[in-house]
Structures are given as C-alpha cells and as structure tokens.
Amino acid sequence: ANRQKLEEMSKPTNAAISLAGEPTLYPKIDELIGEFNRRDFTTFVVSNGQCVDRLRNLENDPYQLYLSLDAPSKKIFDEVCRPRINDAWSNLNESLETLSSFNSRTCIRNTCVKGKNMENPEGYAKLIKKADPDYVEVKAYMCVGSSRERLTLENMPKFDEVKDFAQKIGDACGKEIVNESEISRVVLLE
C-alpha cells in the first residue's frame with residue numbers, strides 16, 4: 001500500500017452526511033456537525049428538505065449544504081420522489097426559502113432521470129432563484145441499488161443530455177457552467 005495514502009486514511013478530514021431518506025431526521029444532527037467542525041472537518045450535508053425546522057434551527061453550519069431538487073413541479077415531484085408524507089412538496093419549498101440564510105456554501109442538487117424529470121427547466125430555475133444557492137449541481141441518475149426495481153438503464157441520461165439540460169436551467173436562472181465531468185455525467189453551475 002502507498003504509505004502516504006495509508007497515513008492520510010488514518011486521519012480523515014471530511015464528513016459527508018447523507019443518509020437514504022433524510023439525514024436531518026437524526027435528532028442530534030446539529031451536535032454532529034458541531035463536533036466535526038470542532039475537529040476541523042469539512043462537512044457536507046445532503047438534505048431532501050423535509051425537516052424544515054431542523055434545518056432552520058441549526059446552530060452549526062456545515063461547510064456545504066446541499067438540497068436535492070428533483071422536480072420542477074408538485075406533480076413531477078410526487079411521481080419521481082414518491083414522498084410518504086403529505087406535505088413533502090411544501091416542506092421542500094420552505095427549505096428552499098431557508099437556504100439563503102446559511103453562512104456556509106449552498107448547493108442545489110438535481111438528479112436527472114431521463115423520461116421522468118428532465119423537463120420544464122424554467123420551473124427548476126424559478127425554484128433555484130427562490131433558494132439563491134452558490135452552486136447548482138446537475139447530474140445523471142445512475143441505475144444502481146434498489147432504484148433498479150423501478151427504473152432502467154434507459155432512465156440514465158447521457159452526459160450531453162445532462163449538459164444541455166443544465167445549460168437550459170442556467171440560462172433561465174442566470175447561472176453559468178463552471179465545471180463538468182463527462183465520466184461522472186455531472187455539470188456544475190455557479
């Protein structure tokens with residue numbers, strides 16, 4: 001093994017807090033972020049925006065807060081995200097409105113599912129403008145894990161499709177493409 005890499009591995013400095021579902025359901029998320037901050041970690045929290053009060057009341061800002069925005073409308077949100085709570089769309093919108101109050105870097109993350117949610121870039125742009133994030137990450141759905149039970153390889157957009165869709169969103173909300181990775185099928189807007 002590479003000794004330098006082995007040494008680096010024994011001293012982590014980054015924590016990505018992203019659970020299947022909603023990491024802010026964890027009742028001690030604020031304390032967890034605070035502890036990582038005290039240890040000089042960079043912390044990335046990825047939220048579906050369902051625990052608005054928990055987000056709103058965080059005393060410890062993560063290094064970067066991501067909000068998943070996978071639909072431009074309630075109809076598409078209900079079809080793609082299949083929420084188990086009645087006010088999920090409302091919660092997401094309230095979280096989007098809260099995003100600009102954070103002192104940390106903020107990012108809207110959009111997972112593009114071909115044939116499901118890659119429409120209405122103006123609708124996405126309207127929601128993005130409400131959130132006023134530092135970044136918007138537009139990435140392709142990957143056909144892995146349990147998602148294969150309801151989606152197929154055909155739902156994975158090609159990089160060019162993701163980039164074209166990201167450009168349309170960026171044009172509609174005043175953000176430009178600043179980075180991209182073809183192999184990862186992801187585009188970053190700022």
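A search of the whole structure, a predicted model, finds five aromatic pairs. One of them joins Phe77 and Trp89 in a tilted arrangement, with 5.3 Å centre to centre and 55° between the planes. Phe77 belongs to helix H4 and Trp89 to helix H5, so this pair ties together parts that are 12 residues apart in sequence.

**Aromatic residues**

- Phe77 and Trp89 are both buried.
- Phe44, Tyr63 and Tyr66 are linked into a cluster by ring pairs.
- Tyr66 is also one of the buried residues of strand E3.

**Helix H4 (74-81)**

- Ile76, Phe77 and Val80 are the buried residues of H4.
- Viewed down the axis of H4, these buried residues fall within an arc of 105°, so they line one face of the helix.
- Helix H5 is among the elements that cover the buried residues of H4.
- Arg82 follows H4 and has a positive phi, near 45°.

**Helix H5 (88-99)**

- H5 has 12 residues and spans 16 Å from its first C-alpha to its last, close to the 16 Å expected at 1.5 Å a residue.
- Nine of the 12 residues of H5 are buried, so the helix is largely enclosed by the rest of the structure.
- The buried residues of H5 are Ala88, Trp89, Asn91, Leu92, Asn93, Ser95, Leu96, Thr98 and Leu99.
- The cover over these residues includes helices H3 (52-56), H4 (74-81) and H6 (121-131), together with strands E3 (64-68) and E4 (105-112).

- Strand E3 is mostly covered, with five of its five residues buried.
- Gln64, Tyr66 and Ser68 lie on one side of E3, Leu65 and Leu67 lie on the other, and both faces are covered.
- Strand E2 (residues 42-47) pairs with E3 in the parallel sense over four bridges.
- Within that pairing, Ser47 has Leu67 of E3 as its bridge partner.
- E3 and E4 also run parallel and are joined by five bridges.
- Ser68 has Arg109 as its bridge partner in E4.

**Thr106 in strand E4**

- Thr106 is found in E4.
- The relative accessibility of Thr106 is 3%, under the 20% limit, so Thr106 counts as buried.
- Leaving out residues up to four places away in sequence, Thr106 touches Leu65, Leu99, Asp132, Pro133, Asp134 and Tyr135.
- Glu8 is 98 residues from Thr106 in sequence, and the C-alpha to C-alpha distance between them is 27 Å.

**Nonpolar core**

- The largest nonpolar core has 40 residues, and the members that touch the most others are Leu69, Leu96, Ile108, Ile128, Val138 and Ile169.
- Helix H7 (residues 159-173) gives the most to this core, contributing six residues.
- Beyond its neighbours within four places in sequence, Ile108 is in contact with Leu67, Leu69, Leu96, Leu99, Ile128, Ala131, Pro133, Tyr135, Val136 and Glu137.

Terms used
Residues are numbered from 1 along each chain as its sequence is written. This is a predicted model: local features need pLDDT of at least 70, side-chain atom pairs count only at pLDDT 80 or more; totals for chains, interfaces and linings use all residues. Side-chain values use heavy atoms; hydrogens and water are left out. A nonpolar core is a set of buried Ala, Val, Leu, Ile, Met, Phe, Trp, Tyr and Cys residues joined through side-chain atoms within 4.5 Å. Buried means under 20% relative accessible area, exposed over 50%, partly exposed in between (1.4 Å probe, protein chains only). Helices (H or I, at least four residues) and strands (E, at least two) are DSSP runs, numbered from the N terminus. Contact means heavy atoms within 4.5 Å. The expected span of a helix is 1.5 Å times one less than its number of residues. Two strands pair if DSSP finds at least two bridges between them. Rings of Phe, Tyr and Trp (its six-membered ring) pair if their centres lie within 6.5 Å; planes under 30 degrees apart count as stacked, over 60 as edge-to-face and the rest as tilted. The arc is that of the directions from the helix axis to the C-beta atoms.
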